[in-house]
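Q: Please take a close look at the side-chain contacts in this model, above all those of the charged groups. Which parts of the chain do they join, and how covered are the partners?

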Amino acid sequence: MESAFQVDLRGVVDLLSRHLYSSPRVYVRELLQNAVDAITARGAGDHAVPGRIALEVGGGVVRVHDNGVGLTEEEVHTLLATIGRSSKRDELGFARHEFLGQFGIGLLSGFLVADEIEVETRSVRGGPTVLWTGMADGRYRVAPAGRDRAEPGTTVTLRPRADAAEWVAGRTVAELAALYGSLLPVEVTVDGTPVSGEGPPWLAAHPTPDARRAALTEYGRRLFGFTPFDVVDLSVPEAGLTGVAFILPSPANPTLRAAHRVYLKSMLLADGTEGLLPEWAFFARCVVDAAELRPTASRESLYDDDLLEHTRDALGRRLREWLVTLAETDPARLRGFLRLHHLGVKALALHDDDMLRLVDQWLEFETSDGPMTLAQFRRRHPAGRYTSGVDEFHQLSAVAGAQGVGLVNAGYVYDGDIMERLPRIDPEIRLHPLDPAELATHLGPVDPEAELAARAFLAAAARALDALGCEVVLRDFDPASLPALYLTSRAAQHQAELREARESSDELWAGVLGAIEGAIAGGGAAARPRLVLNHRNPLVRRVCALPDTSLSATAVEALYGMALLHGRHPLRPADTAALNRSFLGLLDWAVLGKE
């Protein structure tokens, strides 16, 4: 035996309010949507008239009037009292592409704020005015209206519940009607006050381009609360999309998802839509109207399908084109933009060669010669180097610059990847990472007589630092204010990390890591770290001349600890012990010396 499903309307309303819609406020949008669809249906026939939607608030009710196509009594039974009959909607012509509604649940949203809904309607095709009354418990009745409407159309009346008073107040209804319906191509009023505009402002006519730009700038300021850095026109014909992107005038947080205002067929979908632009374009806020993008069932976000992905890519290309054009026509303005939003451009440069060229030519990086673009840096330093850490750059930049070695700070996000991708735009570009150990080869040797005189000191220093796995060398270099420099190769760092991991591992893993460490050491891949003492520094010259080798060793340990701290290198327990020992030893010597 077959039976029909029984629909619990209260359960459906609860589903809508708790799980489908984010807020009861959407009832205004759904009622506007139904009215626009009715006007669209009437305009498709031979009864075209200027569309009008009038909302009235007062006397404890909310009324929405439209001069649309209206319904016959049969259509009232079919469309208003049956849930899910999409095929019948198609037969009657109420599910066509140009309509806003696609889910047949718009009227049910009225039950989010009311327990009773009245629909008074008269069809343009003839027949009497019909009154449909629906209750939230699932009952409804259809009867002839007490009077005939003067013209075809529909009036929806909501009798709000006491707990929904905030959503049906006159001011709230006016604000919601303006929010959702400001771009609708029909006249919308609330208690006689117009709330709809003249369509999308980016399609409005203006006497000059400057006037249009000023109008759109003011529109963006009212909408988002900031005066945009620039306004970019958007168009994606495949999605029926037009609109504008407003470029933020201040740095944006790239970890926060940008929210955009999206209209579907001139009805607001949401003012916080995510995923419309690529993630790298976090510096833009968009307002768009689309005809082909699909909304989710709640009509509060976009369905993430192939068309939305295509639209996202197309909008990303448009912003990219804007940046390239800015580089060609207004370099000063481009530099201002890059100072604000360099992270987004860097992210795009990781997979776009044109953006990589833009970064190379226009974006300033921190270098040992001061801020400059990579193109400028390469002209000065054809064999330049870069560091992959900010601390490493700050430690080595002054020394490298003094020796004529150009250094770029690539320690910030995306910078290292950009350095590696530069040969894609020019195979002749050669920027290699700096191995700190190679910097020692650029430091000048000490005068032979001075080095001979310091032989005893260097022997004592070598003995003091041997237990710490560090060699000591004496060099003569600028800046003279720097007494000591700690340099270690990448391979040495890797070996030190292996040693530390081995010491903290269990027996099995300690054996495995010890074998790897032995293989590296046996292959001669890792030279020991070096403490480079600067003979040009007055303190180092005085330490070298100390007659007491024990005191010399203590002083070298202090210089070793200071070099580690200056370079922001991690301190091992042995390093900390040496630093403490040298501090106490020097303090003890100072006290005893005075006594």
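A: What follows goes through the salt bridges, then the rings, then a helix and a surface patch. The model is predicted.

Start with the total. A search for salt bridges gives 32 in the structure.

Take E116 and R159. Their side chains meet in a salt bridge, with N to O at 3.4 Å. This pair links distant parts of the chain, 43 residues apart. E116 belongs to strand β3 (residues 114-122), and R159 to strand β6 (residues 153-160). How covered are the two ends? E116 has a relative accessible area of 22%, which makes it partly exposed. R159 is at 33%, and it too counts as partly exposed.

Next, R294 and D305. They meet in a salt bridge as well, at 3.9 Å from N to O. The limit for a salt bridge is 4 Å, so the pair qualifies. Both partners lie in the loop between β13 (284-290) and α7 (306-329), so the contact ties together parts 11 residues apart in sequence. R294 is partly exposed at 44% relative accessible area. D305 is buried, at 17%. The cut-off is 20%: buried means under it.

R294 has another contact. Its charged end sits over the ring of Y303, 4.1 Å from the ring centre.

R320 counts as buried, at 18% relative accessibility. D354 counts as partly exposed, at 33%. The pair also belongs to a network: salt bridges with shared partners join R320, D352, D354 and R357.

Now the rings. The whole structure holds 10 aromatic pairs. One of them is F224 with F226: ring centres 5.9 Å apart, planes at 20°, so the pair is stacked. F224 is partly exposed at 24% relative accessibility, whereas F226 is buried at 15%.

An aromatic cluster brings together F229, W280, F282, F283, W322 and F337. One member, F229, also meets a charge. The charged end of R333 sits over the ring of F229, 4.3 Å from its centre.

Two further places round out the picture. Helix α2 covers residues 26-43, 18 residues in number. From first C-alpha to last, α2 reaches 26 Å, close to the 26 Å expected at 1.5 Å a residue. This helix is mostly covered, with 15 of its 18 residues buried.

The other place is a nonpolar patch on the surface. F583, L584, L587 and V591 form this patch, and together they have about 400 Å² of accessible area. L587 lies in helix α19 (residues 573-594). At 45% relative accessibility, L587 counts as partly exposed. An α-helix has 3.6 residues a turn, so residues three or four places apart point the same way.

Methods:
Residues numbered from 1 in each chain as written. Predicted model: local features only at pLDDT ≥ 70, side-chain atom pairs only at ≥ 80, totals over all residues. Heavy atoms only, no water. Helix = DSSP H or I, 4+ residues; strand = E, 2+ residues; numbered from the N terminus. Expected span 1.5 Å × (residues − 1). Buried < 20%, exposed > 50% of the residue type's maximum accessible area, 1.4 Å probe, protein only. Phe/Tyr/Trp six-rings, centres within 6.5 Å; stacked < 30°, edge-to-face > 60°. Lys NZ or Arg CZ within 6 Å of the ring centre and 35° of its normal. Patch = residues over 30% accessible without salt bridge, like charges linked within 9 Å, V, L, I, M, F, W, Y side chains within 5 Å. Areas by Shrake-Rupley, 256 points an atom, 1.4 Å probe, with all protein chains shown as cover.
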